[in-house]
Structure formats: structure tokens, C-alpha cells
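Good morning, and thank you for coming. I would like to take you through one structure, and I ask you to keep it in view while I speak.

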There are 2 protein chains.
Amino acid sequence: MSDKRIAAATEENLYRIFTIPEDPDSTLSLIEQEVSQNLDGFLRDHIVAVEKPLSEIEKDFLDSAMPENPQFVSDIADELLHKLVAQSVHTSSPSFIGHMTSALPYFLLPLSKLMVGLNQNLVKIETSKAFTPLERQVIGMMHRIAYGETRENNDGYYEHYMHSANHSLGAFCSGGTVANITALWIARNTVLGPDGDFKGVGKEGLFRAMKHYGYERVVVLVSERGHYSLSKSADILGIGRQDIVTVPTDDDNKIRIDLLAETIKELKQQNVGIMALVGVAGTTETGSIDPLVAMADLAELHNIHFHVDAAWGGATLLSANQRSKLAGIERADSITIDAHKQMYVPMGAGMVLFKDPHATDVIEHHAEYILRKGSKDLGSHTLEGSRPGMSMLVYACLKVMGRKGYEMLIDRSIDNANYFAELIQQDDDFELITHPELCILTYRYVPKAVQDFMAMCGKEEKVIINDLLNDLTRFIQKKQRESGKSFVSRTRLTPKRYDGKTITVFRTVLANPLTTKEILKDILDEQREIAKESWRSLPAILKKVLSQ
Amino acid sequence: MSDKRIAAATEENLYRIFTIPEDPDSTLSLIEQEVSQNLDGFLRDHIVAVEKPLSEIEKDFLDSAMPENPQFVSDIADELLHKLVAQSVHTSSPSFIGHMTSALPYFLLPLSKLMVGLNQNLVKIETSKAFTPLERQVIGMMHRIAYGETRENNDGYYEHYMHSANHSLGAFCSGGTVANITALWIARNTVLGPDGDFKGVGKEGLFRAMKHYGYERVVVLVSERGHYSLSKSADILGIGRQDIVTVPTDDDNKIRIDLLAETIKELKQQNVGIMALVGVAGTTETGSIDPLVAMADLAELHNIHFHVDAAWGGATLLSANQRSKLAGIERADSITIDAHKQMYVPMGAGMVLFKDPHATDVIEHHAEYILRKGSKDLGSHTLEGSRPGMSMLVYACLKVMGRKGYEMLIDRSIDNANYFAELIQQDDDFELITHPELCILTYRYVPKAVQDFMAMCGKEEKVIINDLLNDLTRFIQKKQRESGKSFVSRTRLTPKRYDGKTITVFRTVLANPLTTKEILKDILDEQREIAKESWRSLPAILKKVLSQ
């Protein structure tokens with residue numbers, strides 16, 4: 001063929017991919033059918049069981065040259081199936097209890113496709129129309145769940161604020177990190193806001209703001225279990241990572257109120273500006289919830305912006321049986337909740353809520369061609385610009401599950417976690433490290449003989465044994481992951497009972513509604529089997545420790 | 001039924017939505033089939049033609065109380081169809097040429113569903129596995145497209161850096177705003193980096209950084225046509241909106257290099273720190289590309305971080321026929337490109353590229369349970385935390401279309417824009433305001449009689465007539481949008497030929513490959529018809545102007 005004819009043929013093919021739907025018998029359509037009809041089966045069939053080392057997987061993704069010529073969709077679909085899907089993670093598997101991802105409701109699959117087909121852009125009304133009021137309604141509902149309990153006239157309140165161009169009850173964003181940055185951005189711009197001739201930190205910058213207010217330091221207070229995104233926020237917002245002041249936690253991984261009160265007093269005496277106090281609900285590693293009421297009291301007393309990072313635990317508010325665990329959250333100035341965590345929505349649905357509908361005044365921005373003043377464009381109050389219509393998925397979930405449906409899911413997760421905790425406690429060879437307050441718990445494998453032995457040991461010997469146990473925990477976790485049947489994650493904690501020494505533990509997140517008691521039993525059994533094999537040399541090791 | 005039995009029934013239903021796929025005859029399945037088989041037809045059938053006022057649409061989204069009880073998926077699907085889809089925007093319609101959204105390739109619909117089904121989280125290997133090397137490969141390909149042209153041994157370079165745990169060639173993110181913030185964050189942390197005892201702005205904060213470096217101000221330089229996200233970035237990063245120093249543009253909406261050079265000199269004399277110089281490629285309103293080579297020269301001369309915001313125009317690099325328009329971009333320290341704009345990927349696929357693979361060292365962060373040092377977790381170099389696997393969609397597009405396919409699309413868009421510009425110029429009743437450099441152009445309706453009349457007028461009369469024309473442009477744009485057949489957007493510009501007075505113009509973006517010449521003709525005809533109806537009073541108006 002001549003170059004011209006090749007070009008014409010290519011152009012026709014290009015035109016086809018924009019206009020002709022996938023053939024029902026095409027590779028991609030068959031993949032889609034499998035996904036639609038039996039997602040778990042599809043993933044089990046196509047994700048290979050035994051893990052390849054990353055360096056091996058990378059070999060399939062080495063070419064840095066962009067392909068010159070178009071390729072058939074079917075070839076690419078095939079390639080994705082064998083190179084990508086085969087080596088991805090079955091995040092929705094009921095026996096993968098180490099992530100914050102879960103099985104998702106089936107109806108979200110077709111709805112996601114509808115979302116992509118509509119391809120709305122939520123930055124402005126012009127490209128989103130009904131999606132804008134829908135998003136405002138979802139934010140309104142979440143706001144009411146968090147803040148509405150003690151308000152007398154909720155209907156009037158939300159009628160006034162929910163769709164108001166000049167107010168904002170919150171924002172959707174890509175995830176908890178952007179939600180936390182947004183909340184702290186507002187906190188910073190409020191604490192260092194306009195004052196007399198000074199036009200505010202947003203306009204004049206942090207250097208002039210600090211000079212105007214006479215501060216040498218501005219800090220954020222959070223427990224030592226706060227999420228790393230807070231320190232990232234401090235960097236981005238210009239206050240500096242070292243000015244995240246971390247307060248020690250008690251043995252339940254909750255912020256120590258006595259030390260917090262002391263720290264606030266000290267900082268005030270040193271004329272340090274306190275930008276925000278952050279409560280965690282719950283922590284990523286142990287699911288612990290800070291004492292929010294006591295924190296709210298301190299924040300109120302000292303007039304500090306109180307933010308609650310409930311990226312993980314926020315969904316607990318939907319259960320009437322559990323929401324008291326988050327008591328005090330209704331006094332937070334801002335709250336982060338990820339719908340893609342315990343609200344069973346796919347990745348990419350973060351939310352931040354503001355108690356005061358005027359809170360975003362300090363970050364409001366406009367542009368000539370969009371976000372005109374007085375418009376209802378959501379983009380004038382968000383950190384992000386163009387954004388997809390993820391709120392539709394949250395809306396559908398809220399309606400299809402209802403509050404009671406979510407309540408059942410949340411309660412079930414916590415029940416499951418309590419059951420697993422009991423299982424661990426009743427087992428002579430395992431040690432529960434943190435009790436589940438929500439559905440996260442940590443534990444480790446310590447055979448009975450070693451426990452008995454440790455009881456006889458002195459401090460130094462304990463350190464040596466703990467080091468060995470840390471290696472063992474890492475080994476079991478890795479081996480179990482690689483065998484591909486189940487997955488728990490691991491982290492490092494410093495429990496009081498080990499004199500604050502860092503120990504490595506298994507961490508499980510029990511939010512998948514399809515995780516059964518049998519699966520939990522199997523996971524412990526599998527760990528025990530792996531341990532036994534590698535722990536054959538136990539007597540020799542103990543002897544060695546004793547002889548040292 | 002007793003409460004207990006209701007609860008049991010609800011629990012069973014809940015379990016079903018997680019385990020039983022949608023029935024093929026369900027409302028949602030039927031919607032999905034329509035979307036799959038004929039997206040354009042589905043949208044035309046279900047989006048109502050005549051626009052409802054927003055206040056009317058809002059009435060469907062007023063309830064702030066979360067529903068207590070679960071509802072049937074089919075009812076919610078039906079509700080979404082009638083309330084939401086019906087009042088959304090047909091962003092992919094070939095006659096909607098006012099947005100930066102376009103028709104998308106069909107294969108992205110099933111692929112998006114696969115992405116949601118896999119629900120990977122790109123923050124870390126543990127929850128993404130092969131998606132991590134895939135994303136690194138896509139970033140590598142884009143990096144090579146932008147920076148590889150002049151490098152001698154690309155294969156060796158990318159073999160070394162693309163999958164390196166200690167390097168980053170760029171990052172995926174939710175969109176251009178986050179990409180721009182990331183680039184400027186890196187610029188700030190580099191300019192105010194560690195130095196002797198000073199641990200860097202990221203760690204110690206902006207106040208101490210300014211004192212350490214002896215600056216009173218740190219600024220970002222950009223043309224007055226720069227995107228509003230830059231000013232938002234300046235706010236977030238703590239340098240302050242007023243320290244975005246905007247440089248005037250010439251009549252082609254490009255930054256004036258003479259004035260830029262002067263400004264840099266003045267700022268240096270005043271001991272102002274210059275954090276970054278931002279080139280625009282192209283501007284949101286007119287698609288104009290700054291003189292990147294001359295800007296790169298200045299940045300190099302003064303050792304300034306050079307960022308190019310190519311969120312819109314970056315895809316032009318894929319056309320060998322057009323990429324010279326972006327010459328100089330290969331000298332940028334960082335580049336923003338949105339795949340959800342001219343790369344035909346759904347909303348939510350922003351990218352930022354770094355020339356220096358070490359650039360992200362200044363923003364690197366770690367945490368105990370993830371992003372461990374030395375790991376290949378992408379989250380240690382990104383602003384966002386948890387993120388979906390959008391890179392799979394970009395990967396598939398790059399492969400299915402190939403560079404040549406993209407070239408055809410890009411060239412076609414620019415051809416279309418040139419054709420439309422000619423059409424406008426040949427028409428006595430329209431006035432082309434900005435020529436398309438990429439596929440964006442602006443124009444307005446000015447009937448021949450008014451043009452002739454204006455030629456006879458003095459400055460003051462011209463102002464009055466321009467005000468009337470501005471009203472007319474707004475009126476036509478609104479009426480056309482409301483009638484639902486086609487859509488152009490509008491913005492305000494200050495062209496030299498109108499003595500720098502602000503005029504309102506139509507703005508069109510011709511990136512949809514399905515937009516035909518006939519559609520473009522129809523759009524002008526429709527505007528002419530709307531104008532004629534409202535412009536009946538023309539003689540009287542002109543008389544009034546003359547008599548003033």
C-alpha cells in the first residue's frame with residue numbers, strides 16, 4: 001500500500017474507535033462480560049496465584065519508546081490481561097484483609113461506566129449541570145450525618161446552605177490527602193487571615209503573615225499516630241514538617257490529653273501560633289479513635305481550629321450502634337472522610353466537610369472564563385480543578401444501602417474484628433497486640449513455648465527474642481503474601497508492655513463484608529504452618545539466647 | 001414482619017449486592033447496554049434537549065436527610081436516569097465545542113469498568129503490583145516524548161531511571177491543578193532547599209527559609225494569561241497570590257519577552273527570590289503558546305526553575321507536524337500534561353513530568369507502614385496518597401492509537417480550527433478575535449452594518465457599541481446553550497485593536513474528532529439566527545448611540 005492509502009486506512013480505523021462500539025465477541029467485550037457476571041471468579045482466574053518478584057514484572061514494562069503505529073484493541077486487551085491483570089492485586093478478595101480496600105457492590109460497575117460515558121467535569125456548572133446539585137446534596141447528607149444530630153432545624157439549615165452559591169458545606173476530592181490539605185489550608189488562612197491593612201496569608205504569603213502576627217512558629221498538633229499526609233500538608237502549606245508537633249499516645253494509641261494540654265500551654269507561652277489540632281478517627285495502623293470530646297474542649301478553650309481526620313473511621317457515623325465512638329466529631333471545624341474506604345466506593349472519592357458554611361471564604365478563587373463570582377461552580381472552593389463525577393457513585397450507594405444498610409456493614413466489620421481478636425486471644429500461639437476499636441487489629445505469632453520462656457527472661461534477653469520474633473513476623477507475612485491465598489499487612493508499633501521497644505506486627509482490616517469466620521480461621525492456620533516450618537530451629541535459638 | 005425478620009431480609013439483600021451481578025434485564029443493565037452499544041444515541045435520547053434553569057434542577061436534589069432504608073438498585077437507576085442523566089451535559093457531542101472534553105474512544109468504556117473492578121491503589125506496590133511498573137512506563141514514554149528528542153542514548157537513560165526506586169520521572173495525579181502545585185512545590189523546595197545548618201523549607205517552613213536566604217519576597221513569573229490554578233498554588237504553597245507576578249502579553253496572547261527580561265532584572269535588583277518561571281502551552285482561553293525557547297534562555301541565564309503548563313497543549317508533542325510549536329519545552333524543568341484533555345482519556349488523568357530524575361528528592365516522604373525507604377512505592381513522591389489506576393487507560397490509548405494515530409487527531413483538530421477561522425473571516429457578520437495556534441479560537445458576531453458604522457465612530461462611541469456587542473454575545477451564547485443543539489463557551493479578552501478594552505467573545509475548542517465542517521457551518525448559522533431575532537432593534541440602537 002502507498003503511504004497515502006495507509007494513512008487513509010489508519011484514519012478510518014481511528015474514526016471507528018470513536019464511533020463503533022466494541023464487538024460483543026471481541027476480547028475486550030468478553031473480558032467485560034466476565035467482569036460483569038462474576039468479578040471474583042474473573043479475578044481468581046486471571047490473577048496468577050504465585051507472586052512474581054517485582055523485578056520480573058518490570059520486564060514487561062521496559063520499553064520507553066511510544067509505539068509509532070496503532071494496534072488492535074483486541075491485542076492490547078490481551079496484553080493487559082496477561083501482563084497487567086495477571087500481576088495485579090485481588091484487593092476485593094475476602095481473604096485479603098491487609099488493605100483498606102474491600103469487595104464493592106456490583107451495581108457500581110455499570111454505574112462507573114455510565115460515569116465515564118457522561119464524562120462530566122465538576123469544576124463548573126457548564127460541564128456538569130445536574131451533577132453539581134447532586135454533589136452538593138451528597139455533601140449536605142454527609143454534613144448532616146456528622147453535624148446534624150444536635151441541630152434543631154436541620155431542614156431549614158440545609159435548605160439555606162446546601163445549594164448556596166456563597167457557601168460550602170464541604171468538597172469532594174481525589175482522596176484523604178487532598179481533603180486533609182484542604183482542611184489545613186483553610187485553618188492556616190483563617191488563623192493568619194486578613195487583619196487591618198494585612199490582606200491575609202493567602203494573598204500576602206506566609207512570611208509577611210508571620211511578621212504581621214508576630215509569630216516565629218506556627219504549628220499543627222496531632223498524636224504520634226497521625227497519618228503521614230499531615231506532615232506532607234505541613235510541607236506543602238509552608239509551615240514545615242518539623243512544625244507538626246506530635247503528642248505521645250497512651251497504650252490504646254490515643255492521644256494523651258494531659259500531654260496535649262501541657263503542650264498547648266507551653267506553645268502559647270512561647271507565642272507559637274497553633275494552626276490546628278488534629279484528632280484521628282481512626283488511625284491507619286490500629287483503627288484507634290482519639291478522645292474527640294476532650295480534644296474539642298481544648299480546641300474550644302484555646303480557640304484552635306479542630307480538624308478530625310476520619311478518612312478511615314468516618315463511615316462509622318452511619319451506624320447508630322457505633323457512632324458514639326466518634327462522639328465529639330460534631331464539634332470539629334473540618335472532617336475528612338474517604339468514601340473509597342468504609343463506604344464501599346471505588347478509589348478516588350475523598351471528602352472534606354466544613355462545620356461553618358463560610359469556612360471556605362478564605363480560600364475562594366475566581367477566574368474570568370469560569371468560577372465567576374456568584375456562580376454555583378464548585379471549583380471556586382476546591383483545591384482541585386477539573387474533577388470527575390464520583391459523587392454519583394456515593395449518591396447511589398447512600399440510596400441503595402440506606403443508612404441502615406451501612407449500619408449493618410459497619411457493625412458486621414466490627415463484629416468480625418472482635419471475633420478475630422477472640423480467636424487470637426484463645427490461641428496459645430498468637431498474641432493480640434491492639435484490640436479492635438473499629439475493624440482494625442494487630443497481632444503476632446509467638447508460640448506458647450516462647451511466651452513462657454520470655455516470662456522468665458530479663459529485659460535484655462527480651463530484646464533479643466523480640467528481634468527474632470520481628471524477623472519471624474516479616475517472614476510469615478511475606479511468605480503468606482507470596483503464596484497468593486491470603487494477605488495480611490504488617491506495621492511496627494511500640495506497645496508499653498514491651499517497654500516502648502518497636503515490634504513488628506500483623507495488621508488486619510476487616511471491612512470486607514464477604515470475609516467469613518472460616519476465612520479468618522484459615523488465615524491463622526496458614527500463618528501457623530508457615531511459622532512452624534521456619535521455626536524448627538526454635539530449641540537451638542532459645543538455647544543460644546540463654547547462653548548469652 | 002418482625003424487626004428481626006426485616007433485618008435478616010435486609011442483610012440478605014445487602015449480601016446480594018456484593019455477590020450477585022446485575023440481572024441482564026435490570027434497569028441498570030439496560031442502561032449499560034445502551035451506553036455500550038451507542039453512547040451518543042443514549043446521551044441524545046436521555047439528555048433533555050431544552051435546558052432547565054439550575055434552580056429547577058436543584059429541586060430534585062433538596063433532601064439533606066440520608067435515606068434510612070435500602071432501596072432497589074433499579075429504582076435508583078431509574079432516578080439517576082430521569083433526574084441526573086437527563087439534566088447533565090453532553091460533553092462528547094460533536095456540536096458541543098465549548099469545553100475541553102471530547103468524544104472518547106469506545107474501548108475506554110469496558111476498560112474503565114475493568115479498572116474499577118480491579119480497584120488498585122497506586123500509592124504503594126502492595127495494592128497495585130503490576131500497575132506500578134505500568135504507570136512508571138507510561139510516565140517514561142511521556143517523558144521521552146517531551147525530553148528524549150535531543151538525547152543520544154534514550155534506551156540506556158530510561159533503563160536506568162524508569163523503574164528506579166530512588167528516582168522519579170514524573171507522577172500521575174487527578175488533574176492539571178495538582179500537577180502544577182506539585183511542580184511549584186518542587187521548585188519552592190529546591191530554591192529554598194537545605195543549606196548548611198538550614199534543613200530546607202520542607203522541613204523548617206517558609207518563614208525560616210526566607211530568613212535564612214535573606215529574601216523578603218519569593219515570586220512566580222507567568223504571563224497574564226496563566227491559568228488560575230497558579231495563583232491558587234501560590235496561596236497553598238505559602239508564597240501568596242500577590243507574588244504571582246504576571247507579565248503582559250502581546251496581541252497574540254504570548255508573554256512579552258522584553259518585559260519578562262526587564263521584570264527579572266528588576267526583581268533581582270530588589271533581591272526578590274524567583275521560585276519559578278511558568279510558560280503556558282497553550283492558554284485555556286485562546287490556546288496560545290508562549291515563546292518557550294526565549295523563556296528557557298532567560299530561565300537558564302538566571303538559573304530559574306522553568307515550568308511549562310501544557311495541561312492543554314502537551315498532547316501536541318505527539319504530532320511530528322505540530323510539535324515544533326512547543327519547541328523549548330524540552331528545556332523545562334517540569335511539565336504539566338492532562339491526558340483527560342487532548343489525549344482522549346476520561347476525567348482524572350493529570351500528569352507532571354520532571355526533567356531531572358532527582359527533582360523529587362526535595363519532596364520525598366516516608367511512613368512506617370508504607371512508602372518504606374528504598375521501596376518502589378509511587379506514593380513517596382506524589383502529592384496525593386491513594387490513587388486509582390488511570391494510567392491503564394492512558395497506556396491503552398497510547399498503544400491503540402499509536403503516536404501516528406494521535407498525530408492524525410491533533411492535526412485534524414488544528415485543521416478544523418483553521419477551517420472554522422476561515423469560515424468566520426469570510427463571513428461579513430462575524431469577526432475573528434484570535435487565530436487558532438492550536439485548536440482553540442475566539443470570535444464574535446458583529447453584523448456588517450455595525451462594523452461599517454463602527455469604522456466611522458470615535459473612541460467613546462466604540463466603547464458604547466462594544467458594550468452592546470458584549471451583551472449580544474452573552475445573549476447569543478446563552479440562548480444557543482439553552483436550545484440544547486450546540487454549545488460554544490465565552491470569555492473576555494482585551495485585544496489591542498479595541499484599545500485594550502475588555503470585550504466578550506465566543507470561545508471554541510475543536511478537539512472532538514467527530515466535529516465536521518457541516519456542524520461548524522450550522523453553529524454559525526444558528527448564532528446568526530439567534531442574533532437576528534434579538535437585533536431587530538439595531539437601527540434604533542445605532543440612532544441612539546449617534547444622538548448621544
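Predicted model: local features only at pLDDT ≥ 70, side-chain atom pairs only at ≥ 80, totals over all residues.

Let us start with chain A. Its secondary structure comes to 19 helices and 11 strands. The C-alpha trace spans about 80 × 80 × 45 Å along its principal axes. For 548 residues, a compact globule would have a radius of gyration near 24 Å, and the 26 Å of chain A therefore agrees with that expectation. The domain assignment divides chain A into domain 1, residues 3-88, domain 2, residues 120-389, and domain 3, residues 406-547.

I turn now to domain 2 and domain 3 of chain A. Their C-alpha centres lie 35 Å apart. On the side of domain 2, 25 residues are in contact with 23 residues of domain 3. Together the two domains of chain A bury about 2100 Å², with 55% of that area on carbon and sulfur atoms.

The rule finds 1 salt bridge across it, and 11 residue pairs are in polar contact. The residues of domain 2 of chain A that touch domain 3 divide into 7 nonpolar, 13 polar and 5 charged. As for a salt bridge within chain A, the side chains of A:Glu437 and A:Lys254 meet at 2.8 Å, N to O.

Finally, we come to the two chains. Chain A and chain B each bring 169 residues to the contact. Between them they bury about 14900 Å², of which 65% is on carbon and sulfur atoms. B:Phe18, B:Met66 and B:Phe207 supply 6% of the area that chain B buries against chain A, more than any other three residues.

How many salt bridges does the rule find across the interface of chain B and chain A? There are 16, and the polar contacts there amount to 73 residue pairs. On the side of chain B that touches chain A, the largest share is 15 residues from helix H15, residues 391-426 of chain B. By class, that side of chain B has 84 nonpolar, 45 polar and 40 charged residues. A further pair to locate is A:Glu79 and B:Lys399, which form a salt bridge with their closest N and O atoms 3.4 Å apart.

How values were computed
Residues numbered from 1 in each chain as written. Chains lettered and ligands numbered in written order. Heavy atoms only, no water. Domains from an automatic or database assignment. Contact = heavy atoms within 4.5 Å. Buried area = accessible area lost by both parts, 1.4 Å probe. Salt bridge = Lys/Arg side-chain N within 4 Å of Asp/Glu carboxyl O. Polar contact = N/O pair within 3.5 Å; in protein donor to acceptor, adjacent residues only side chain to side chain. Nonpolar A, V, L, I, M, F, W, Y, C, P; charged D, E, K, R; others polar. Helix = DSSP H or I, 4+ residues; strand = E, 2+ residues; numbered from the N terminus. Rg over C-alpha atoms; globule rule 2.2 N^0.38 Å.
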